[in-house]
Amino acid sequence: MSDAAAEPNVLLRRAVERDRVHSAYLLSGPGAAPREAALAFARALVCSGDAPRPCEACRDCRRSSAPNEIAIDGAGKSGPPYRQIGDHPDLLWVERGRADTRVRIAQIRAVQGALRLQASGAGRRAVVIADAEWLNQEAQNALLRLLEEPPPRTTLVLVAASSAGLLATVRSRCQRVPFPVSRARLPEDPDAADAFRAHLERLAGIRSAGAPELLDWAEAFRGPRGPAADGVAAFLDAASSWLRDRVVESIGGGGAEVGPWLDAFRVLSSCRKALVQRNANPQMVAERALFALREATG
Ligand SMILES: [Zn+2]
């Protein structure tokens with residue numbers, strides 16, 4: 001197996017230790033883990049102290065850990081299009097503005113402009129693009145140019161809950177670093193684990209999926225009933241696991257309603273019954289589950 005099988009944080013730490021850093025990474029997966037890993041990785045890249053990096057003792061680490069609460073505004077009206085990590089001049093952070101639904105092209109252009117300037121030291125520079133699944137099409141095209149001609153000693157770190165919304169050309173230029181929800185919950189069989197991870201990644205983007213996409217998704221479960229039913233059963237397992245995380249998040253976050261997630265749970269369990277006890281058509285079952293899951297995302 002390639003490095004992709006390694007624990008994501010280990011893989012990133014190893015890249016820094018061996019000084020074998022790619023020009024672009026795509027960290028994908030649900031929850032806060034990919035974002036936290038991107039932050040630590042970027043800080044490690046400019047750390048001038050001893051391993052393990054970030055050392056938290058050198059001048060660079062002190063700068064990159066300085067508080068920085070500047071709110072980003074994609075339109076550049078009430079805030080800058082990006083900010084620094086801490087007050088480190090060689091670490092840039094992009095995310096969608098609070099009121100924006102998208103990461104905009106102006107933000108990518110602003111980063112491009114900043115990267116054209118010299119780095120402050122002889123060391124590396126890094127740009128984290130959090131919320132990368134929210135890059136709009138033109139922003140992705142601008143980003144693509146940056147990925148095609150990366151500035152020297154500069155690393156771009158994309159963070160996305162799901163990589164499904166990114167252009168294939170963007171994805172293919174990044175070193176992929178998928179984060180599983182929880183290793184303990186993954187099936188032991190490697191193929192099944194891969195499928196499970198792929199389902200989770202796709203589910204992370206279900207909120208913005210239209211009906212045609214959901215129907216298309218369900219169509220993957222067409223064909224001879226045996227394998228199709230097994231495929232749907234595996235999908236329902238992954239979906240239940242994904243739902244559990246959403247419930248935990250809503251309870252933790254306080255504000256969000258748990259009710260819709262629980263409704264979706266009920267639909268999933270009825271889907272499972274239909275599949276096993278009533279010999280229902282697997283594709284239809286998948287459709288029903290997918291629409292219920294999207295409904296639950298509000
Ligand atoms: Zn350091």
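**Notebook: helices and a sheet in a predicted model**

Helix α10 (residues 259-277) packs with helix α11 (residues 282-296) at an angle of about 175 degrees, and their axes are 8 Å apart. Angles over 145 degrees count as roughly antiparallel. I therefore recorded α10 and α11 as roughly antiparallel to each other.

Next I looked up which residues make this contact. From α10 I listed P260, W261, D263, A264, V267, L268, C271, A274 and L275; in α11 they meet P282, V285, R288, A289, A292, L293, E295 and A296. I noted that the residues of the contact of α10 with α11 divide into 14 nonpolar, no polar and three charged. For the spacing of positions along a helix, I kept one general rule in mind: an α-helix has 3.6 residues a turn, so residues three or four places apart point the same way.

I then turned to helix α2, residues 33-46. Helix α2 has 14 residues and reaches 21 Å from its first C-alpha to its last, close to the 20 Å expected at 1.5 Å a residue.

Six strands form an open sheet with mixed pairing, in the order β2-β3-β4-β5-β1-β6. Which strands stand at the edges? They are β2 (83-85) and β6 (175-178); each has a single partner strand, so one side of each is left without a neighbour in the sheet. Neighbouring strands of this sheet are turned by 25 degrees against each other on average, direction ignored.

I checked individual pairs after that. As background, strands of a sheet pair through backbone hydrogen bonds, either parallel or antiparallel. Strand β1 (residues 24-28) pairs with β6 in the parallel sense over four bridges. β1 also pairs with β5 in the parallel sense, over five bridges. I followed L26 to both partner strands: its bridge partner in β6 is R176, and its bridge partner in β5 is L158.

Strand β4 (residues 125-129) and β5 pair in the parallel sense over five bridges. Here the bridge partner of A126 in β5 is T155.

Last, I looked up the burial of β5 itself, residues 154-160. Six of the seven residues of β5 are buried, so this strand is largely enclosed by the rest of the structure.

Key. Residues numbered from 1 in each chain as written. Predicted model: local features only at pLDDT ≥ 70, side-chain atom pairs only at ≥ 80, totals over all residues. Helix = DSSP H or I, 4+ residues; strand = E, 2+ residues; numbered from the N terminus. Expected span 1.5 Å × (residues − 1). Axes fitted to C-alpha atoms, helices over the stretch in contact; angles between N-to-C directions. Parallel < 35°, antiparallel > 145°, perpendicular 65-115°, else oblique. Contact = placed C-beta atoms within 7 Å. Nonpolar A, V, L, I, M, F, W, Y, C, P; charged D, E, K, R; others polar. Pairing = 2+ DSSP bridges. Buried ≥ 20, exposed ≤ 12 C-beta atoms within 10 Å, placed from the backbone.
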